[in-house]
Amino acid sequence: MAPDAPSTAARSTTLSRITNETKIVLTLNVDGGALSPLPSITGQSPSKEEAEKSHAAQSSASQTISIDTGIGFLDHMLHALAKHAGWSLQLVCKGDLHIDDHHSAEDTFIALGSAFKTALGSTAGLARFGYAYAPLDEALSRAVVDLSNRPFCVAELGLKREKLGDLSCEMIPHCLQSWSQGAGVTMHVDCIRGTNDHHRAESAFKALAVAIRMATTRVKGREGEVPSTKGVLF
């Protein structure tokens, strides 16, 4: 029997997550490229002004990124994550920021993790493991990930400030844990050194992004093979 042909199916999905605390819509393509239309939070088509509004937007031949959570530094981290992971991502969150940043930040990463898991589909034929170092000036971070379907997160960023912009620093490792839970990924993210908290956080997200990109790479010659001695990943 001839071996299966390499999968070229688009790894993409669209998700809506609506609660009393947050309303989130997103569309994700793990491989970059085209995106499906973004659903409307209100049930009506967004106005031109709403469609163009974004705190973190970038478009190139290979990627489209547009993010608006209402929390500028969170948008900045999501932009870095999408850019260096090679994703196309459009995401909007309308949350109860009159309370604080917790629900918006947490729910955004839960939703993004769930979307990632759905878009990725099977881990068959993938590298499964990924690791990377990323510097930002004086800061250096390391990330190691496993598409294990066994969520676990260790994030040691050593942040000292109370906030970065309008994002509480305590929420940054919690966001990583929330993404891990939704995505079904084991991950260890450490900032090894650095004196500037902005640099420490951003280098961590960049390292994570590059590690995710490695782990989700399709391995030529291993099409259809589950990368596990168990024969399954669950």
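**Cysteines, sheets and overall form**

Analyst: A search of the whole structure finds zero disulfides. Please note that this is a predicted model.

User: Is C169 buried or exposed?

Analyst: C169 is buried, its relative accessible area being 5%.

User: And what is the nearest cysteine sulfur to C191?

Analyst: For C191 it is the sulfur of C169, 12 Å away, and C191 likewise is in no disulfide. C191 also counts as buried, at 9% relative accessibility.

User: Changing topic: how many helices and strands does the protein have?

Analyst: There are five helices and eleven strands. The radius of gyration is 17 Å, close to the 17 Å given by the globule rule for 234 residues, so the protein is as compact as a globular protein of that length.

User: What are the rough dimensions of the box that the C-alpha atoms fill?

Analyst: Taken along the principal axes, the box is roughly 60 × 45 × 35 Å. The accessible surface comes to about 11,500 Å², and 52% of that belongs to carbon and sulfur atoms.

User: What share of the residues is buried?

Analyst: Of the 234 residues, 47% count as buried. As for contacts between residues at least 6 apart in sequence, 72% of them join residues at least 24 apart.

User: Now the open sheet. What is the order of its four strands?

Analyst: The order is β6-β7-β11-β8, with mixed pairing. At the edges stand β6 (129-136) and β8 (152-156); each has a single partner strand, so one side of each is left without a neighbour in the sheet. On average, neighbouring strands are turned by 10° against each other, direction ignored.

User: How many bridges join β7 to β11?

Analyst: Seven bridges join β7 (residues 139-146) to β11 (residues 186-193), and the two strands run antiparallel. Within that pairing, A143 has V189 of β11 as its bridge partner.

User: Which strands does helix α4 touch?

Analyst: Helix α4 (residues 171-183) packs on the sheet and touches β8 and β11. Its direction makes about 160° with that of β8.

User: And where does α5 lie?

Analyst: Helix α5 (residues 197-215) lies across β6, β7 and β11, and runs at about 150° to β6.

User: Let us turn to L28. Which strand is it in?

Analyst: L28 is found in β2, which covers residues 22-29. The residue is buried, with a relative accessible area of 0%.

User: What is L28 in contact with, neighbours within four places in sequence aside?

Analyst: Its contacts include R11, S12, T13, L35, W87, S88 and F116. By contrast, the C-alpha atom of E138, 110 residues away along the chain, is separated from that of L28 by 32 Å.

User: How many bridges join β2 to β5?

Analyst: Eight bridges join β2 to β5 (residues 88-95), in an antiparallel arrangement. One of the bridge partners in β5 is S88, which is paired with N29.

User: Which way do β4 and β5 run, parallel or antiparallel?

Analyst: β4 (residues 64-68) and β5 run parallel and are joined by four bridges. There, I67 stands opposite L91 in β5.

Key. Residues are numbered from 1 along each chain as its sequence is written. This is a predicted model: local features need pLDDT of at least 70, side-chain atom pairs count only at pLDDT 80 or more; totals for chains, interfaces and linings use all residues. Side-chain values use heavy atoms; hydrogens and water are left out. A disulfide is a pair of cysteine sulfur atoms within 2.5 Å. Buried means under 20% relative accessible area, exposed over 50%, partly exposed in between (1.4 Å probe, protein chains only). Contact means heavy atoms within 4.5 Å. Two strands pair if DSSP finds at least two bridges between them. Axes are lines fitted to C-alpha atoms, for helices over the stretch in contact, and angles run from 0 to 180 degrees between N-to-C directions. The radius of gyration is taken over C-alpha atoms; the globule rule is 2.2 Å times the number of residues to the power 0.38. Accessible areas come from the Shrake-Rupley method with a 1.4 Å probe; for residues, only the protein chains shown count as cover.
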